[in-house]
Amino acid sequence: MSLEITIASGKGGTGKTTVSSFLISYLSGVEKRVIGVDADVEAPDLVIALGRHTEIHREEVFDSEIAVINYDRCISCGTCASICRYGAIDIKNGRPVITPELCEGCGVCGYVCPTKAIDIKKTKTGDMIIYDTKFGKVVTGELEIGRKHSGKLVDMLRMKARSIVGGGYIVIDAAAGIGCPVISSIVGVDYLVIVVEPTPQSMLTASKIYEIGKIFNVPMGLIVNKYDLNREFVDEIRRFSEERKVDFLGTVPYDRSIVEAYVNIRSLIEYAPSSSATKSLREIAERLLSRVKG
Amino acid sequence: MLIISVGGGKGGTGKTFIATSIAHHLARSGKKVLYVDADVESPVSHTLLGIDGREIVEEAKGFLPSINADRCVGCGICVEKCPAHALVGIKGTVPTLLENVCEGCGLCMIVCPRNAIKDRGRIIGRIYSGRKGLIDLIQGEVLPGVKEHINVVLRTINYAEEKFGEYDYVVIDSAPGTGAGVWLAIRRADIVVAVTEPTPLGAHDLDRFLALSKKLGKRVVVVINKAGMGGARDDLIGEVADKHGVEIIGRIPYSKEVLDAYIHGNSVTDLYPDSSVSKELNNFVSKLLRQARK
Amino acid sequence: MWLVVGMRVAIPVDRDMGVNSPVAYRFARAPYFAIVDIDNGKITSISVVPNPNAMARGGAGPAAAQWLANQHVNVVLTPQVGPNAAAALNAMGIRILIASPGMPLIQALRSAGLVRE
C-alpha cells in the first residue's frame with residue numbers, strides 16, 4: 001500500500017532532483033519507509049543527489065520491439081514504408097530500410113508485408129539498476145541512447161519499486177518535458193508536485209504538466225524554486241495555483257549549498273542542515289506530507 | 001549552409017539561451033538564419049528570440065480510430081491485436097476506444113475484416129513559424145497527454161528541412177535528454193554544441209550526450225554555461241570532455257544580465273553589449289564558426 | 001448493499017488460499033485473480049487463477065479488464081483501480097466495488113454485501 005509522489009516540472013533544470021532527493025532524505029529521517037524512482041531515464045541523476053550510493057543490482061531490460069527486414073524475402077514493394085505511421089521506414093536505393101531509433105515495434109509493417117519478410121524482434125530498452133543509499137533504495141533506469149520506449153522503462157521501474165517497498169512512500173523523480181516517460185510517471189500516482197522557477201518560460205511548460213495531472217485526476221501541489229531570482233513573479237505563480245486549486249506548497253531560495261552538496265557527494269540535508277534552502281524544503285516537506293496523508 | 005545543433009543532456013543548462021545567442025550573433029553579421037525549435041515538449045525559443053506573433057503553419061496529426069457500428073460485427077480481432085490494449089469490448093459488441101491509451105499505430109484499421117475502422121485523426125501537435133529580422137523560426141509543440149511526441153519532432157524537422165537551402169545557417173535547438181528526439185535533432189548537424197553546467201549532474205548527463213553524438217559520428221564542441229555559479233566544478237566537465245576527446249570552447253559566466261534578458265525575452269548581447277557575458281558569447285560563437293569550417 | 005442473482009465477481013488476490021485468499025492492493029498486475037460465482041448471496045464456485053497480465057509493462061489495466069470481461073465477470077471488487085482500467089471496465093459495463101486490501105476475500109465479499117453466509 002505505498003503512496004506514490006511524483007516530482008515533475010515540464011521545463012528542465014528547475015530543481016526536480018533537488019526536491020525529490022530532499023523528500024527522500026526527509027522521509028527516511030522521520031522513520032518512514034521510502035524508495036526513490038529515477039524516472040529521468042535519458043539523464044538519470046537522482047542517486048548523485050543522495051550522496052554516497054552503491055549499485056546492488058543491475059539487469060538489462062529487453063522490452064523494446066523493433067521490426068527487422070529479412071532481405072532474402074523482401075521484394076521491395078514498399079508497402080511497409082507507406083504504412084508506417086512513425087516515419088521509421090524509408091526507401092533507400094530502391095529497398096526499404098528501417099530506422100530502429102524511430103521504430104515503435106507495433107508490428108503493422110509485418111502484418112501488411114506480402115512476403116512476410118518482417119520480423120518483430122526484442123531489443124534492449126535499457127538497464128534497470130537498484131542502488132543503496134543512506135536513505136533507502138533507489139530504482140534507476142538508464143535508457144539506451146537514442147531510444148524510444150522510455151515510458152515502458154518507467155512503468156517497469158515503478159513496478160519494481162512497489163514490489164520492493166510494499167507500504168511506505170515511493171518518490172518518483174520525473175524526466176523533463178511532457179512526453180511519454182512523464183505521463184508514465186504521473187498516471188495513477190497519489191500526488192503530483194510541480195516544481196517551477198520564477199520565469200515565464202518555466203510556467204509555460206508547468207501549465208502543461210498541470211493539464212496532464214488534470215487528465216489523470218491526480219491531486220497537485222506547486223513549489224517555486226530559486227524564487228529570489230525573480231521575486232515579482234512569485235505572486236503571479238501563487239495566483240496560478242489558487243485559480244486551479246493546486247496546493248501552493250512553498251518557495252525555496254537559490255542556495256549554493258545545493259550544488260556544493262552534490263559536489264561533496266552528500267545529500268543536502270547532511271551537508272547543510274541549516275541552510276536557507278534546507279529550512280524551506282523542510283517546511284515544504286511537512287506541508288506536503290500532511291496534504292498527502294489527509 | 002551550415003547546420004548547428006545544440007544539445008547537452010541535462011535540462012536547464014541553457015541550451016535555448018546558447019542556441020538563440022548563436023542565432024543572434026549570426027543575424028547581427030548579416031546572415032540569414034533558420035532557427036528550428038525541436039524541443040517540442042517545452043518550446044520556449046520564441047520568448048528569447050523576441051518573437052511575439054507566431055503563426056501555425058501545420059497541425060501535426062496522429063491516427064485515432066473510429067469504429068463504424070453498422071459495419072462492426074463484434075469479432076474482437078482489433079481488441080486482440082491492438083499492441084497498446086487501447087480497445088476493449090466483449091465479443092459481439094462494438095469495442096470501445098480508450099483514447100488516452102492509443103498510440104496511433106493504425107493496426108486496428110488494417111486488421112478489421114469488415115473495414116469498419118477508419119482514421120478520424122487527432123491533432124498531436126502544432127508547427128509554428130515566426131520571424132525577427134534575419135532570423136526565421138520553425139517551432140514544434142506537442143499537445144499535453146500525447147504519447148507520440150517523437151512524431152512531432154520528426155514532423156517539425158522534416159518541415160524545416162525543406163527550407164534549409166534558403167539559409168546561410170540553421171540552428172537546431174534540441175530537447176534535453178539522450179533519446180530519439182535528441183537523436184533526430186542532431187543527426188543532420190555539421191557540428192554539435194553540447195551545453196553543460198559545471199556540476200556533477202551536468203557532467204553526468206554530458207557524458208551520455210557525448211556518447212550519443214559519437215554514435216552519430218558528429219563533431220562536437222562543449223560550452224560551459226553558468227560558469228562560476230555557486231559550487232562550480234569546471235574540472236568535472238574537463239574530465240568528461242577529455243574522455244571523449246572534445247574541446248571546451250566557451251565558458252559563459254552566470255550573471256544577473258543573462259537572467260534579466262531571459263526573463264524579459266531579450267538577447268543579452270543587445271541589452272548588455274559591453275558585459276563580460278556578451279564578450280564571452282561573442283568569443284564562443286567565433287570559435288564555434290572557425291571549428292565548424294575546418 | 002444489494003444482492004444480484006447470477007453474479008460473477010473478480011477479486012485481485014496476493015495468494016491462492018481459496019476463500020481466504022488475501023485481497024491484493026494492486027489490480028491490473030495482481031499476481032492472481034479470484035473468480036467467484038455468487039447466486040442469491042451464496043458462493044456457488046470459486047477459482048483462483050494466475051493473472052496473465054501480472055508482468056505486463058504497459059496497457060496492463062485495459063488488458064486485465066478485457067481478460068476478465070472475456071470470462072464473463074460482471075463485478076470487480078478491488079481496493080483500487082487505475083484510470084485506464086476503470087475506463088475499460090466501465091466501457092464494458094463491469095461494476096467496480098471497493099474492498100479493503102489484506103483481508104480474506106470472503107470477508108471483503110461480506111462487507112460489500114455480496115455474500116451473506
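The model is predicted: local features need pLDDT of at least 70, side-chain atom pairs count only at pLDDT 80 or more, and totals for chains, interfaces and linings use all residues. Residues are numbered from 1 along each chain as its sequence is written, while chains are lettered from A and ligands numbered from 1 in the order in which they are written.

I begin with the sheet. Chain B holds an open sheet of nine strands with mixed pairing, in the order β3-β8-β9-β2-β10-β1-β11-β12-β13. Strands (E, at least two residues) and helices (H or I, at least four) are DSSP runs, numbered from the N terminus, and two strands pair if DSSP finds at least two bridges between them. Because β3 (55–62) and β13 (247–253) of chain B each have a single partner strand, one side of each is left without a neighbour in the sheet. From one strand to the next, the twist averages 20 degrees; axes are lines fitted to C-alpha atoms, for helices over the stretch in contact, and angles run from 0 to 180 degrees between N-to-C directions.

Helix α8 (residues 234–244) of chain B lies across β11 (191–196), β12 (220–227) and β13 of chain B, at about 170 degrees to β12(B).

Next, the domains, whose bounds come from an automatic or database domain assignment. Chain B is given domain 1 (2–61 + 125–293) and domain 2 (64–120), with C-alpha centres 41 Å apart.

Finally, 11 residues of chain A are in contact with seven residues of chain C, meaning that C-beta atoms, placed from the backbone, lie within 7 Å.

Definitions and conventions:
Two residues are in contact if their C-beta atoms, placed from the backbone, lie within 7 Å.
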